[in-house]
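Good morning, everyone. Please look at the structure on the screen, and we will walk through it together.

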Amino acid sequence: MLNIVIFGAPGSGKGTQSDNIIKEYNLFHISTGDVLRDNIRRGTELGETAKAYMDKGQLIPDELMISILADVLDANREAASEGVIFDGFPRTIPQAEALEAMLQERGTCISAVVGLEVPEDELIERILLRGKLTGRSDDNPETVKNRLAVYHNQTSPLQAFYQEKGLYHAIHGTGKIEDIFADIKSAIDSVK
Ligand code: AMP
């Protein structure tokens with residue numbers, strides 16, 4: 001199995017590059033943000049809970065997020081048999097530890113963490129543009145500030161966490177989408 005974590009700040013291109021990775025490697029894509037947005041659209045209880053956090057640019061509590069991820073993994077065992085691309089998870093050290101345990105229980109592990117590195121001014125520009133183009137409600141100037149602060153405080157420590165494990169592959173996340181993907185492909189092919 002090939003299990004890839006795509007890692008980076010909001011607006012770093014995780015969703016775009018996940019689409020490229022799925023096509024190339026036949027992996028199952030789990031975007032926790034998409035799972036939550038789908039619940040909001042369907043008006044579920046989880047969606048209602050999640051919306052309150054997402055609108056403020058805050059993270060959904062770890063315990064809830066970890067149980068959602070376990071459910072998605074278990075519901076898609078067949079589709080995920082060749083591996084998974086984790087997009088937007090983990091976002092905290094406890095989530096990373098839980099992911100390690102979850103994969104171990106299922107007889108597998110993380111193959112690589114692909115870290116998309118993009119300067120902050122470009123992140124803000126991209127997020128605000130996406131907000132205009134898609135109408136995504138948390139892509140607005142107020143929430144963006146919080147999301148970037150949350151990224152720095154709670155998520156960016158994962159970079160060192162995965163570097164210590166020898167799993168982190170730094171990718172320059174600016175420039176042409178296809179050039180960025182070529183670098184991602186080299187990183188993934190080096191662990192296959
Ligand atoms: P994303 O689409 O990955 O940018 O996620 C959008 C929002 O969903 C985030 O700002 C969080 O509020 C929430 N979210 C997504 N994934 C997670 C996660 N792994 N842990 C906590 N909150 C999450």
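A word on the basis. This is a predicted model, where local features need pLDDT of at least 70, side-chain atom pairs count only at pLDDT 80 or more, and totals for chains, interfaces and linings use all residues. Residues are numbered from 1 along each chain as its sequence is written, and side-chain values use heavy atoms, with hydrogens and water left out.

Helices are DSSP runs (H or I, at least four residues) and so are strands (E, at least two), numbered from the N terminus.

Now the polar contacts, pairs of N or O atoms within 3.5 Å. Thr32 places a polar side-chain atom 2.8 Å from a ligand nitrogen. In Arg37, a side-chain N or O atom is 2.9 Å from a ligand oxygen. At Gln58, a polar backbone atom lies 2.6 Å from an oxygen atom of the ligand.

Next, the rings. A pair of aromatic rings is described by the distance of the centres and the angle of the planes. Centres must lie within 6.5 Å; planes under 30 degrees apart count as stacked, over 60 as edge-to-face and the rest as tilted. The count is three aromatic pairs. Phe7 and Tyr151 have ring centres 6.1 Å apart and planes at 45°, so this pair is tilted. Phe7 is in strand S1 (4–8) and Tyr151 in helix H7 (141–155), so the pair ties together parts 144 residues apart in sequence.

Last, the backbone. Most residues other than glycine have a negative phi, and most peptide bonds are trans. The Phe89 to Pro90 bond is cis, with omega near 0°. Asn26 has a positive phi, near 55°.

Notes: Polar contact = N/O pair within 3.5 Å; in protein donor to acceptor, adjacent residues only side chain to side chain. Phe/Tyr/Trp six-rings, centres within 6.5 Å; stacked < 30°, edge-to-face > 60°.
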